[in-house]
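Please keep the sequence and the model in view while reading.

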Amino acid sequence: MLDDQCHVAPKRGGKNSKIKAVAIATPLPDSTNQWRLWGCEMLHERPASYIKSAGQGAERYIRGNIPWCWGLSKKYKSKTEEKNTCRRILGDMLRLSEPWCFALVLMGLLSLSINSFHVKAAALKPEIVLDSGATILNHSMSLVQRFENLFLSGNSSDVTLRVQTINTDEVKVLQSHSLVLSLQSDVFEDLLLTRNSSTLVLREAPDCAAVFDKFLRYFYSGDIGVRLEQAIALHKLASKYHVGALQQGMTQYMTQHLSSDSPSGHVVSWYNYALQIGDATLRDSCLQYLSWNLSSVLQSAEWGSISEDLLLSLLQRSDLILQSELELFEAVEAWINLNQPVSAIIESALRAIRYGMIPPQHLFRLQKQSPLFVKYYEAIRDLLYLAFQFHSASPIQLAKYFDVNCSLFTPRNYLSPSWGSSWVINNPTRDDRSFSFQTQLGPSGHDSNKRVTWNALFSPRWLPLSARSTYTELGAMQPTRTDGGRPRIIVTPATSSPDFAGVSFQKTVMVMTKQQGKVVVRHVYNFHQSTEEAGDFLVDADLQRRASEYLIDSSLFLHVVIKPVYHTLLVSRK
């Protein structure tokens with residue numbers, strides 16, 4: 001029977017505590033037919049659930065391959081047959097191993113953390129000294145190195161993996177160890193239990209076969225170098241073989257590297273892959289990145305590769321961030337000319353353009369100079385008619401006869417100066433800041449010469465009224481509480497005007513950040529005219545930290561957009 005020598009106990013801290021432990025399996029000195037768990041050296045920090053999962057994997061392996069040690073199998077006709085089978089298994093393992101034993105880490109060896117382009121082993125920390133005269137010597141990193149060398153050398157290997165590339169004659173042969181494969185993957189565990197020889201034949205797609213040795217090395221070392229073009233293949237392998245930690249790590253890597261530069265782009269391909277496998281987290285992250293950084297995407301080679309469904313999905317969104325609606329039309333026109341979709345797709349795409357947001361002088365030009373516009377004019381004639389009506393009359397008059405709540409008259413997040421202004425706040429934790437800017441009253445040609453002045457106030461440590469300074473009966477002011485404040489932004493019109501009738505203003509504040517050397521949109525906050533501030537503005541931001549993900553070179557980069565929204569509420573239709 002296995003000695004229960006390894007006691008694993010969580011550190012103080014409740015259910016989120018972490019455990020440091022490793023168990024080594026070695027034969028008992030007086031017998032080559034019994035193994036024990038011993039050597040509870042403290043290694044990498046891992047959650048308790050990880051230790052439990054690794055322990056269950058070790059238990060499954062021992063149950064399946066050394067059943068008599070645990071006395072849990074009843075498939076043999078006699079106890080003698082059972083013992084002889086297990087002696088043969090253990091003998092084979094010992095003959096293949098180093099002279100001292102075939103020792104493998106069963107629990108808690110691998111510890112992952114993603115840092116930029118590399119998944120690295122977590123830092124090791126010495127455990128609490130058990131008594132005043134004892135000190136733990138931590139050589140865990142050398143142990144990890146030895147395991148990696150075990151993979152590189154192929155010593156003591158008891159299984160050969162033949163990785164065949166589908167539809168080719170290419171074969172990659174890799175030496176491995178059954179216990180390592182079983183502990184890391186229940187899929188490999190099942191394959192090993194049903195194999196007829198010491199060789200496993202695996203068939204993989206070309207992209208997966210190319211990185212399979214890197215994938216297998218991760219089983220031994222716990223770290224893996226990742227390139228943008230390898231991300232999907234590694235995620236596929238981790239998903240196929242149920243390597244949960246690597247699968248989650250690759251999803252995290254992909255969501256953190258959406259803004260990285262690549263020759264042909266990668267966000268669209270990652271989105272299509274996430275859609276294919278049903279990974280909602282990755283899918284939504286890709287879609288949000290495309291929507292919030294659409295201007296840069298439109299200028300990249302990746303734009304031409306988006307699918308018809310993704311194009312139509314993007315065109316329906318009001319949270320797209322780009323220079324203007326005209327920029328979007330020109331990009332859609334380029335995509336249609338490149339991909340030549342069927343007429344139904346072209347018409348759907350053209351009808352999703354918000355022509356009311358394009359100035360009339362540009363609409364006139366498109367009618368004469370755009371071949372696509374001319375060819376499909378009949379498919380969008382009704383939309384153009386409404387757009388010209390919108391530009392020729394005041395919103396109040398238009399609302400009497402037309403539904404102005406439809407998407408045709410709903411702005412997206414346009415970055416051009418007539419819609420808002422950028423605002424860079426240096427050293428944002430220092431004190432309150434304010435600035436003023438002007439926007440157009442509305443996108444209608446009727447209001448093209450009318451301007452609205454806006455005042456914006458940023459406070460780094462705003463406190464609610466209940467937490468502000470108070471006065472005692474003697475008139476002495478109580479000290480102001482400086483902790484618990486949060487950043488606040490207020491955007492209000494400098495004056496009121498009769499022109500505001502029938503119009504409300506939605507304010508959108510975008511927070512920029514720098515990722516992989518590129519400035520991208522990090523957060524978007526929306527608030528209505530009736531509420532002068534965004535309630536959740538930078539609620540999770542730590543602006544005191546110079547390396548905060550919300551700051552660029554210790555400054556807060558904002559862009560404020562004012563979007564007029566028209567209402568059919570003054571006069572009912574007749």
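The numbered points below go from the whole chain to a helix, a sheet and the aromatic pairs.

1. Overall composition. The model is predicted. The protein contains 20 helices and 19 strands. Of its 574 residues, 47% count as buried.

2. Contacts along the chain. Taking contacts in the protein between residues at least 6 apart in sequence, 68% join residues that are at least 24 apart.

3. Helix α10. This helix covers residues 244–256. With 13 residues at 1.5 Å a residue, α10 should span 18 Å, and this agrees with the 18 Å between its end C-alpha atoms. The buried residues in α10 are Leu246, Gly249, Met250, Thr251, Tyr253 and Met254.

4. A four-stranded sheet. Four strands form an open sheet in the order β13-β19-β17-β18, and their pairing is antiparallel. Strands β13 (420–426) and β18 (518–527) stand at the edges; each has a single partner strand, so one side of each is left without a neighbour in the sheet. From one strand to the next, the twist averages 25°.

5. The pairing of β13 with β19. How many bridges join β13 to β19? There are seven, and the two strands run antiparallel, with β19 formed by residues 555–566. Within this pairing, Trp423 stands opposite Leu558 of β19.

6. The structure holds 17 aromatic pairs. In one of them, the rings of Phe188 and Phe219 have centres 6.0 Å apart and planes at 85°, so the pair is edge-to-face. Because Phe188 lies in helix α6 (residues 186–193) and Phe219 in helix α8 (residues 212–221), the pair ties together parts that are 31 residues apart in sequence. Phe188 and Phe219 are both buried.

7. An aromatic pair between strands. Trp454 and Phe505 also form an edge-to-face pair, at 5.2 Å centre to centre with 75° between the planes. Trp454 belongs to strand β15 (residues 451–462) and Phe505 to strand β17 (residues 503–515), so this pair ties together parts that are 51 residues apart in sequence. Both Trp454 and Phe505 are buried.

Key
Residues are numbered from 1 along each chain as its sequence is written. This is a predicted model: local features need pLDDT of at least 70, side-chain atom pairs count only at pLDDT 80 or more; totals for chains, interfaces and linings use all residues. Side-chain values use heavy atoms; hydrogens and water are left out. Two strands pair if DSSP finds at least two bridges between them. Axes are lines fitted to C-alpha atoms, for helices over the stretch in contact, and angles run from 0 to 180 degrees between N-to-C directions. Buried means under 20% relative accessible area, exposed over 50%, partly exposed in between (1.4 Å probe, protein chains only). Contact means heavy atoms within 4.5 Å. The expected span of a helix is 1.5 Å times one less than its number of residues. Rings of Phe, Tyr and Trp (its six-membered ring) pair if their centres lie within 6.5 Å; planes under 30 degrees apart count as stacked, over 60 as edge-to-face and the rest as tilted.
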